[in-house]
Amino acid sequence: MSTNSKIPVFIVDDDKEAIFSLQSYLELMPEVAVVGSATNYLKAIKQIKEMAPELVFLDIEMPGKTGFELLADLESNGSPRKFDVIFHTAYDKYALQALREAAFDYILKPARP
């Protein structure tokens, strides 16, 4: 856990409303600090590398690249992933693949507290 005893969390979703909704729920948890969010692949890659969150909420179906591709690209340099992933998606058809990606959890949109 981080030094300030809050878990740094990053949210990746192409839907700004989904980010806002999830962030609102996460802010109710005193042990969590949302350190940022991104609505596109390039911004997400850059900010995840810079912010080094411990937990990433990741949408799967996004324009350009999927959440699975984003994870693969982050790990392409051979270094192990340093964060847990909770897939946050509107589709239950990806649950098995999410488990293969060592997902910490898999939640369907819209998120509920």
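This is a predicted model: local features need pLDDT of at least 70, side-chain atom pairs count only at pLDDT 80 or more; totals for chains, interfaces and linings use all residues.
Biologist: Which residue does K46 pair with?

Modeller: K46 forms a salt bridge with E50, and their closest N and O atoms are 2.9 Å apart.

Biologist: Where do K46 and E50 lie?

Modeller: Both belong to helix α2, which covers residues 41-51, and they are four residues apart, about one turn of the helix.

Biologist: And are they buried or exposed?

Modeller: K46 is exposed, and E50 is exposed as well.

Biologist: OK, what about D73, which side chain does that one meet?

Modeller: The side chain of D73 meets that of K65 in a salt bridge, with 2.9 Å from N to O. D73 has 26% relative accessibility, so it counts as partly exposed, and K65, with a relative accessible area of 29%, is partly exposed too.

Biologist: Which residue forms a salt bridge with E75?

Modeller: That is R81, and the closest N and O atoms of the pair are 3.1 Å apart. R81 counts as partly exposed because its relative accessibility is 23%, while E75 counts as partly exposed at 28%; the cut-off that matters here is that buried means under 20%.

Biologist: Changing topic, which residues are buried in helix α3?

Modeller: In helix α3, residues 67-74, the buried ones are G67, F68, L70, L71 and L74. Seen down the axis of α3, these buried residues fall within an arc of 160°, so they line one face of the helix.

Biologist: One more residue, then: where does D13 lie?

Modeller: D13 lies in a loop, between strand β1 (7-12) and helix α1 (16-26).

Biologist: Is D13 buried or exposed?

Modeller: D13 is buried, because its relative accessible area is 0%, and the cut-off for buried is under 20%.

Biologist: What does the side chain of D13 reach?

Modeller: The D13 side chain reaches the backbone nitrogen of D15, at 2.9 Å.

Biologist: And which residues does D13 touch, not counting those up to four places away in sequence?

Modeller: Leaving out those sequence neighbours, D13 touches A18, I19, A38, T39, D59, M62, H88 and K109.

Definitions and conventions. Residues are numbered from 1 along each chain as its sequence is written. Side-chain values use heavy atoms; hydrogens and water are left out. A salt bridge is a side-chain nitrogen of Lys or Arg within 4 Å of a carboxyl oxygen of Asp or Glu. Helices (H or I, at least four residues) and strands (E, at least two) are DSSP runs, numbered from the N terminus. Buried means under 20% relative accessible area, exposed over 50%, partly exposed in between (1.4 Å probe, protein chains only). The arc is that of the directions from the helix axis to the C-beta atoms. A polar contact is a pair of N or O atoms within 3.5 Å; within protein, one must be able to donate a hydrogen and the other to accept it, and residues adjacent in sequence count only if both atoms are side-chain atoms. Contact means heavy atoms within 4.5 Å.
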